[in-house]
Amino acid sequence: MPATALDRRFMAAAIRLARWHEGLTGSNPSVGTLIVREIDGDPVIVGRGVTAIGGRPHAEPQALEEAGDLAEGATAYVTLEPCAHHGRTPPCAEALVNAGIRRVVAAATDPDERVSGRGYEILRATGIEVVEGVLAGEAARDLAGYLARRTRNRPHVTLKLAISSNGKIGRRDNGQVQITGEVTRRQVHGLRALSDVILIGVGTAINDDPVLTCRLPGLEDRAPIRLVLDTDLRLPPNSALVRSARATPLWVATAAGQDHEARAPLTQAGVEFVASENHDGRVALPELLEDLAARGLSSVFVEGGEQVARAFLAEGLVDRIILFTAQTVIPDDGVDAPVTPDTVPDGFGLTGSMSFGVDTMHEYERV
């Protein structure tokens with residue numbers, strides 16, 4: 001049966017629910033589930049579930065537990081196909097069957113070979129009506145990291161740049177420049193909170209001396225792993241990143257040997273090293289992303305600088321581009337933006353524009 005307007009309404013609510021734990025569920029995706037049944041002639045949400053922090057339990061059993069006996073004969077709205085593989089606990093598809101769910105409305109199909117299509121088969125085999133693909137595009141956008149890791153063996157990569165009115169992203173070797181306003185900077189902190197990894201090059205780490213944490217009130221504990229590309233270990237031990245390494249994880253991707261003299265002070269400060277391949281004097285990005293995926297990391301937020309941004313674009317490793325343009329003017333000897341709203345590479349489409357104070361954000365997705 002086709003999806004109804006009511007199905008789309010409840011699926012939209014399930015997608016919003018899934019965002020509560022986005023970036024907090026480890027290697028598992030943040031999935032939302034709603035259990036809805038008719039009570040006195042009206043559809044009522046009787047159970048809610050979102051993948052727990054850390055990745056377990058999944059959304060479906062939590063929603064079913066809240067619904068209790070009201071789950072029998074109800075409709076379940078799930079943002080990702082229910083899992084079908086057995087572990088210590090039964091798969092979510094079987095949990096829905098055992099609870100007496102009558103109908104399942106799903107958004108995205110799980111590409112995991114242990115699940116893909118099998119979750120739906122388990123449901124249909126017991127007579128449950130399954131409606132697939134409802135708001136699939138909207139759900140896939142929030143699940144982009146998980147889907148990229150499963151289908152492309154690498155995390156989903158977002159490139160973010162702040163650009164002055166004359167097309168610059170900073171000054172050369174002259175410290176950090178505040179290009180955008182406070183409202184935009186808060187928005188960037190929110191984007192950080194949704195990511196597994198924030199990535200910069202060592203040049204930006206030295207020149208700007210950033211902290212790269214999420215400093216929004218109440219979200220400080222959602223700061224992701226900070227990753228610096230540093231082939232020759234030039235990161236200063238007294239940098240803001242290193243000084244905060246024990247409070248917020250700091251990883252350094254490097255090709256430097258185990259006996260490199262710079263390793264000891266960084267290790268003592270709490271830095272973790274990611275052994276990387278060296279390609280043309282730089283960290284090999286495809287291999288690095290594969291290694292991050294192997295660690296269960298699904299999303300990388302690239303914040304700079306120019307060379308790193310150009311490298312990711314040249315390798316075809318960028319999935320989303322977020323450009324914040326401001327009214328600030330940087331002298332002509334500043335660093336040219338590797339991409340602007342007028343020079344977005346082929347293969348990307350504009351998905352949205354917003355204003356944050358006097359700044360403008362343009363967002364592009366690979367098509």
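Arginine 103 and aspartate 7 meet through their side chains in a salt bridge, with 2.6 Å from N to O; the term stands for a side-chain nitrogen of Lys or Arg within 4 Å of a carboxyl oxygen of Asp or Glu. Because arginine 103 belongs to strand S4 (residues 103-108) and aspartate 7 to helix H1 (residues 5-18), the pair ties together parts that are 96 residues apart in sequence. Helices (H or I, at least four residues) and strands (E, at least two) are DSSP runs, numbered from the N terminus. Arginine 103 is buried, at a relative accessible area of 9%, and aspartate 7 is buried as well, at 2%; buried means under 20% relative accessible area, exposed over 50%, and partly exposed in between, with a 1.4 Å probe and protein chains only.

The model is a predicted one, in which local features need pLDDT of at least 70 and side-chain atom pairs count only at pLDDT 80 or more, while totals for chains, interfaces and linings use all residues. Residues are numbered from 1 along each chain as its sequence is written, and side-chain values use heavy atoms, with hydrogens and water left out.

By the salt-bridge rule, the count comes to 20. Another of these contacts joins the side chains of glutamate 365 and arginine 141, at 2.5 Å from N to O. Glutamate 365 lies in strand S18 (residues 359-366) and arginine 141 in helix H5, so this pair ties together parts that are 224 residues apart in sequence. Glutamate 365 counts as buried at 14% relative accessibility, whereas arginine 141 is partly exposed at 34%. Both residues also belong to a network of salt bridges that links Arg141, Arg320, Glu363 and Glu365.

A further salt bridge brings together the side chains of aspartate 336 and lysine 168, at 2.4 Å from N to O. This pair links distant parts of the chain, with aspartate 336 in strand S16 (residues 335-336) and lysine 168 in strand S7 (residues 168-170), 168 residues apart. Aspartate 336 is partly exposed, with a relative accessible area of 39%, while lysine 168 counts as buried at 8% relative accessibility.

How do the strands S1 and S2 run, and how many bridges join them? Strand S1 (residues 32-39) and strand S2 (residues 42-50) run antiparallel and are joined by eight bridges; two strands pair if DSSP finds at least two bridges between them. The two strands form a hairpin with two residues between them, and in the turn aspartate 40 has a positive phi of about 55°. Across the pair, glutamate 38 stands opposite proline 43 in S2.

Isoleucine 39, which is placed in strand S1, is partly exposed at a relative accessible area of 32%. Together with Val44 and Leu70, Ile39 forms a nonpolar patch on the surface, with about 200 Å² of accessible area in total. Patches are made of residues with over 30% relative accessible area and no salt bridge, where like charges are joined within 9 Å and nonpolar side chains (Val, Leu, Ile, Met, Phe, Trp, Tyr) within 5 Å; the areas come from the Shrake-Rupley method with a 1.4 Å probe, and for residues only the protein chains shown count as cover.

A patch of negative charge also lies on the surface, where Glu277, Glu287, Glu290, Asp291 and Glu315 gather. Lys and Arg count as positive and Asp and Glu as negative, with His and the chain ends not counted, and the place of a charge is taken as NZ of Lys, CZ of Arg, CG of Asp or CD of Glu. Aspartate 291 lies in helix H11 (residues 285-294) and counts as partly exposed at 35% relative accessibility. Glutamate 287 is found in helix H11 too, and counts as partly exposed at 36%.

Most residues other than glycine have a negative phi, and most peptide bonds are trans. Arginine 56 and proline 57 are joined by a cis peptide bond, with omega about -5°, and proline 57 sits in the loop between S2 and helix H2 (59-67). Leucine 135, although not a glycine, has a positive phi of about 55°; its place is in the loop between strand S5 (129-131) and helix H5 (136-142). Leucine 212 has a positive phi near 60°, is found in the loop between helix H8 (202-208) and strand S9 (225-229), and counts as buried at 4% relative accessibility.
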